[in-house]
Amino acid sequence: MSSYRNATAIVIGGSIGGLTTALLLRDLGFTVDVYERTASALDGRGSGIVLQPDTMRWFTERSDQQPTALSTSTSKVQYLGDGNDVVYSEDRTWTYTSWGTFYRALLADFGTDHYHLGELACGFDQSDNSVTVRFVSGRVGTADLVVFADGITSLARERFDPESSLHYSGYVGWRGTVLLASLSGPTQDLMHDAISYCVIPNSHITLYPIPGEEGVERQHRLMNYVWYRNVAPGPELSEMLVDKRGFSGSVSIHPGQVQDRYVDEMRDTAARMLAPAAAEVVTSTEQPYLQVVSDARSSRMAQGRVALVGDAACSARPHAAAGTAKAAADAWALAAALESADGDIATALRKWEPGQLELSESLLRRVIDMGERSQFLNSWVPGDPDLRFGLYGPGR
């Protein structure tokens, strides 16, 4: 019989990391409730995810859903130069999904009976035996274990480490998707079976095909990209982050809300500086959006019966494509620690924390170096194995 058959858990944050955590805790025997701050169903804006083993592990080991129904793949990595010439290519298979596709699959496995929208957790207290979470709605929840998986803007992080504020990298990511079938024939032929890079002074763009809303087949696929561009901190960045409604963002500006003048400048620069195929994808995007590239890392991830996982604990730049993998790795390691602790939740968290902190530090150090090489040092060299994706190291 499970040590947690009569135990309860609350997961704060109903995105990919939170749902993975909730599913694993439920498998251990916990009764789990997930609370998501957003009032309506989550929308990943079609953005892509590079799938690594930890990210997919739920579907390869525990789910009835087939991984192939959730993902696309490519067989090579290539760097594009002027005139679409391929300046470097290597055979390397990567798989991808879209945020929405993966989120819906996890939610389908978890169900909606214990999934609560429109609930923002603003604080917690704990005793030796339980944790009480307070919500801005006035709701109060009590459980044996609480896991905060509420992302880069986590309100709980400060309780763990008051110094763990967001640190702006000096650049933003322009993101968007375009239906692959809508692109020109030559661009489709060049890019449909590759993850493609284009490196220009103080910048680079990464592009790869992901599932569309209608499925994973080629006719439904979207070409997804992230284009990293330097923006000085201070007034220049602040002005850029005022959306069309007059609201100021700190993490992202949603599709359709980026000021037109910035979109126009971005498209003009793409046409002038990127490889033609990459430029076609960018300039064809109807509603590109902005992501502020920042880092944050808490020096603690466990506090009694409360844990931080994923971006809530460590938000690292996307260059290693390891954000969702790190959240999943935190969740799987937590589940393993709990399983071996024979019902002693606080002891499990204490044993779990050091390894995940070490993983966070290693990942953050590596992606900061990758970003510096691309955006400021101009030492991002096509084919350098140190620049490969991977949570545990380049290519791993």
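Me: Which residue in E8 is the bridge partner of Phe124?
Reply: This is a predicted model, in which local features need pLDDT of at least 70, side-chain atom pairs count only at pLDDT 80 or more, and totals for chains, interfaces and linings use all residues. Residues are numbered from 1 along each chain as its sequence is written, and side-chain values use heavy atoms, with hydrogens and water left out. E7 and E8 run antiparallel and are joined by five bridges; strands (E, at least two residues) and helices (H or I, at least four) are DSSP runs numbered from the N terminus, and two strands pair if DSSP finds at least two bridges between them. In E8, the bridge partner of Phe124 is Val133.

Me: Which residue in E9 is the bridge partner of Val133?
Reply: Strand E8 (residues 131-135) is joined to E9 by four bridges, and the two run antiparallel. The bridge partner of Val133 in E9 is Gly141.

Me: Which are the edge strands, pairing on one side only?
Reply: The open sheet of three strands has antiparallel pairing and the order E7-E8-E9. Pairing on one side only are strand E7 (121-126) and strand E9 (140-143).

Me: Which residue takes a positive phi in the hairpin of E8 and E9?
Reply: E7 and E8 are joined by a hairpin of four residues. The hairpin of E8 and E9 also has four residues between the strands, and a positive phi near 100° is taken there by Gly138.

Me: Which residues form the uncovered face of E8?
Reply: The covered face of E8 consists of Val131, Val133 and Phe135. The uncovered face consists of Thr132 and Arg134.

Me: Which strands stand at the edges, each with a single partner strand?
Reply: Six strands form an open sheet of mixed pairing, in the order E6-E2-E1-E10-E18-E17. Each edge strand has a single partner, so one side of each is left without a neighbour in the sheet; these are strand E6 (115-117) and strand E17 (302-303).

Me: Which residues in the largest nonpolar core touch the most other members?
Reply: A nonpolar core is a set of buried Ala, Val, Leu, Ile, Met, Phe, Trp, Tyr and Cys residues joined through side-chain atoms within 4.5 Å. Buried means under 20% relative accessible area, exposed over 50%, and partly exposed in between (1.4 Å probe, protein chains only). The largest core has 66 residues, and those touching the most other members are Ile12, Leu25, Phe30, Val32, Leu145, Phe148 and Leu338.

Me: Which residues does Phe148 touch, not counting residues up to four places away in sequence?
Reply: A contact means heavy atoms within 4.5 Å. With that sequence exclusion, Phe148 touches Ile12, Ala121, Phe124, Ala156, Val306, Ala307, Leu308, Val309 and Ala312.

Me: Which elements do the buried residues of H2 pack against?
Reply: Helix H2 (residues 53-61) has as its buried residues Asp54, Thr55, Met56, Trp58 and Phe59. They pack against helix H1 (16-28), strand E3 (48-51), helix H3 (99-110) and helix H9 (323-340).

Me: Is Arg365 buried or exposed?
Reply: Arg365 is found in helix H10 (residues 345-377). The C-alpha atoms of Arg365 and Ala316, 49 residues apart along the chain, are separated by 8.9 Å. With a relative accessible area of 52%, Arg365 is exposed.

Me: To what number does the count of disulfides come?
Reply: A disulfide is a pair of cysteine sulfur atoms within 2.5 Å. Cys198 is buried at a relative accessible area of 3%, and Cys314 counts as buried at 2%. The count of disulfides comes to zero.

Me: What is the radius of gyration of the protein?
Reply: The secondary structure comes to ten helices and 19 strands. The radius of gyration is taken over C-alpha atoms, and the globule rule is 2.2 Å times the number of residues to the power 0.38. The rule gives 21 Å for 396 residues, and the protein is as compact as a globular protein of that length because its own radius of gyration is close to this, at 21 Å.

Me: What percentage of the residues of the protein count as buried?
Reply: The C-alpha trace spans about 65 × 45 × 35 Å along its principal axes. Of the contacts with a separation of 6 or more, 71% are between residues 24 or more positions apart. Of the 396 residues, the share that count as buried is 56%.
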